[in-house]
Amino acid sequence: MTGSKMPVLLAAAAFLSAVMLTGVSHGSEMDLYKILGVTRSASQAEIKKVYKRLAKEWHPDKNKSPGAEDMFIKITKSYEILSSENKRTNYDRYGQTDDSQPYSSGRYSHRHDSFYFDESFFSFHFDSKNHRDFADRKYILHFNQYVSDVVPDSYKRPYLIKITSDWCFSCIHIEPVWKEVVQEMETLGIGIGVVDVGYERRLANHLGAHRTPSILGVINGKVTFFHYAVAKEHLKQFIEDLLPQRLVERVTDKNGFEFLNSWHELNKPNVLLFDQVPVVPLLYKLTAFAYKDYLQFGYVDQGLSETSSLQKQFNINTYAPTMLVFKENIDKPADIIQTKGLKKLIIDEFMSNNKCLLVPRLVNQKFFDELCPVKQFHRRRKYCVLLITGDEESFSFGKHEFFSFASTNSKDVIRFAYVYQRLQQPLCDIFMRYKDNALPPTQVVMLERRNAGGKVLFKPVTAWNGSDENKQHLLEELEHLQRDPSILIYDAVLPDLNNEFASVFVIRWIYATYDYLSDITDDILHNNWREMMPLLSLIFSALFILFGTVVIQAFSDSSDDNQSKLRAKDFTKAENGRLPKNNFVEVTELTDITYTSNLVKLRPGHMNIVLVLTDASKNILLSKFAKEVYSFTGSLTLHYSFLNIDKHSEWMNTLLGHVQDAIQTDANEGSGGNDKTDYTGYVLALNGHKKYLCLFKPVYTGEDLNIKSFEDKGGPTGGRLRSTSHDDYLLWKSSRTRNISTLQMHHKLDRLGLWMERLIEGTLPRCYIPAWPGLDKITPSKKMEVYQRRT
């Protein structure tokens, strides 16, 4: 019995080994896209163009290198697979390079490291769902594939994706319509995808699809759901609605010249399609979307009488659609195709061959990379001839002659372009630093890009003015360059180009915002409640925050109004002679004991109002000071003190010495010409925390009491004052000297109330000091006087 089992076990082991080796060899397949040097999103026209170039380069009859034959076989095999839509799809999804290899899919197979296990080997197909889904097998999408392939590719073509599951009986009813639409849309270049919720729940949640069946579109990375009855016409209209509305411009005899002449501003060739149908064909819209960064598209309805002049000007055949491409010459098309059945492959090849102007302007780094690609192989060298010029009208002749010279160039290895020095100053500075300053600012430079980091080899050729001598010299240099590339003797690292169309992004942002609001409106009208929950949650959260803010603000405003009314009431009472808070003003003396607490360590936001006085003026000034500041005692941030200048004149001089420029005073005012400044009546508003002060200087506003009082007593006026009553006046004056000085001292604080109002408003100038001076020393003269009194 054991001997009979041995052959069976050996056969099973041999079978599993063969399967494992097959999986290993399958995982080591060559990358066909890298062999051809194209991206996975390359069109058939681009693949064909690259294949022709590589086939000529690596053909064994022309290339005698040892690996040329193997490379030629790889190139041919790669083109054979990628040029066929079915083979290319199988290769993209399963890595299949041979028709004999089985399909592989996450849905129908399991892969453990290099071990490949096909469930169909043991499947007896009792369930008919496998047969129903077989047509969708090649469109199955996985999460990583969607993120890495579909989303980037959706910026070039829209995708139509179906959400389904194994036990979705409603999905069976839409299958006939879906298959018919897929066959038609795929020929137009629209991407197709199928997501099985049972196997790709993560991708379904990412797309926001929570029910089956669902159909959605993806364009520019944005997902839009289909909400109407599944019919062929509705799905076609859904695809058209996905596309931006301003892709194709309607062109008539009125705007024809303006449209064709826009090449200079947009830096793009213009494409015109002449056709009999009044509606722009969907294939043409899809083409305009795919090449929107390179070409400007217009449509001419041949059935309108307003387009007869354009048809006559370009001799258009009315029996077949005609497509024209215009570059710098708007009177004659640069290329033309005319056929009754325009196919996507023909249109793609036509557009790829006319993506750039004959001499385009370098407007951004992306365009520079495509026009002047980095050198890859010796036989793939590309040289760029760059005209550095200005955008003023005086340079138009030189640019026109440069265009005419470039039109005679028929070699694909040389590309012509121009750049405005004012708009691309960093780039031009590198090329112009080797130029003779005596030459005009227009310059022609030949260059070759060596790597993606910006390194180039270049050589300034000639100062360009469009003369025949310039053309002949440039032609000789180009011929020399193709024979000997080493003539590019300078090297540099170029900075990235400025994006000259950056302002256009603002307009695109406005359009994107409009589209986003339209999508929200559409979602509100059609989405179910489960899909609407995130949006509703956001709306209600915003309303709750707004309502809470309004309520809090309303209560805050009401409390502020009450406080302001109370302050206004207190101020009114003060104006009417009533008590604002207390019936007295607390004024403390600023000494070395109270100095720290009342000034140096005063709380932030608090200020100390300090009156400067002397022993002789103490009673008079304190009385007047209390009356002036009485109405402001309701403030809890204001404190009141007085400073005896007889004791602390040194502190006063030190403090005001820091801000001498801001307090220019009359040195002899009130001092009879003495050098010492009289600080009596000064008021200091001191902010201890921020170390600044505001200064009030006394201004006497009283009348001439000498004359006024003498007249009130009945004394003579006018000329009699000088003659008959002069002696009486002198006698009266000597008797009133003491009273007059008292009144003058009293009027020093007349304007203190107005100054306090400006202090509260914060409109007074501030004088900042580095540090508060110490108040621990008394003036020496005053110290001696105090000592004598004690003895």
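Me: Is the crossing of helix 3 and helix 4 left-handed or right-handed?
Reply: In this predicted model, helix 3 and helix 4 cross in a left-handed manner.

Me: At what angle do their axes cross?
Reply: The axes of helix 3 (residues 44-58) and helix 4 (residues 68-82) cross at roughly 165 degrees and come within 10 Å. Angles over 145 degrees count as roughly antiparallel, so helix 3 is roughly antiparallel to helix 4.

Me: Which residues of helix 3 make the contact?
Reply: Helix 3 contributes Gln44, Ile47, Lys48, Tyr51, Leu54, Ala55 and Trp58. Among their counterparts on helix 4 are Met71, Phe72, Ile75 and Tyr79.

Me: And how do the residues of that contact divide by class?
Reply: Eleven are nonpolar, two are polar and one is charged.

Me: Changing topic: what about helix 23 and helix 27, at what angle do they cross?
Reply: The axes of helix 23 (residues 618-629) and helix 27 (residues 752-761) cross at roughly 45 degrees, coming within 9 Å. Helix 23 is therefore oblique to helix 27, and the crossing is right-handed.

Me: Which residues are in contact there?
Reply: Phe625, Glu628 and Val629 of helix 23 meet Leu752, Gly753 and Met756 of helix 27. By class, this contact has four nonpolar residues, one polar and one charged.

Me: Now the largest nonpolar core: which residues touch the most other members?
Reply: Within this core of 42 residues, they are Leu160, Tyr284, Phe297, Met323 and Met351. Helix 13 (residues 282-290) gives the most to the core, with six residues.

Me: What is Phe297 in contact with, leaving aside neighbours within four places in sequence?
Reply: The contacts of Phe297 include Leu247, Phe259, Tyr284, Tyr291 and Met351.

Note on methods:
Residues numbered from 1 in each chain as written. Predicted model: local features only at pLDDT ≥ 70, side-chain atom pairs only at ≥ 80, totals over all residues. Heavy atoms only, no water. Axes fitted to C-alpha atoms, helices over the stretch in contact; angles between N-to-C directions. Helix = DSSP H or I, 4+ residues; strand = E, 2+ residues; numbered from the N terminus. Parallel < 35°, antiparallel > 145°, perpendicular 65-115°, else oblique. Left-handed = near helix turned anticlockwise from the far one by under 90°. Contact = heavy atoms within 4.5 Å. Nonpolar A, V, L, I, M, F, W, Y, C, P; charged D, E, K, R; others polar. Core = buried A, V, L, I, M, F, W, Y, C linked by side-chain atoms within 4.5 Å. Buried < 20%, exposed > 50% of the residue type's maximum accessible area, 1.4 Å probe, protein only.
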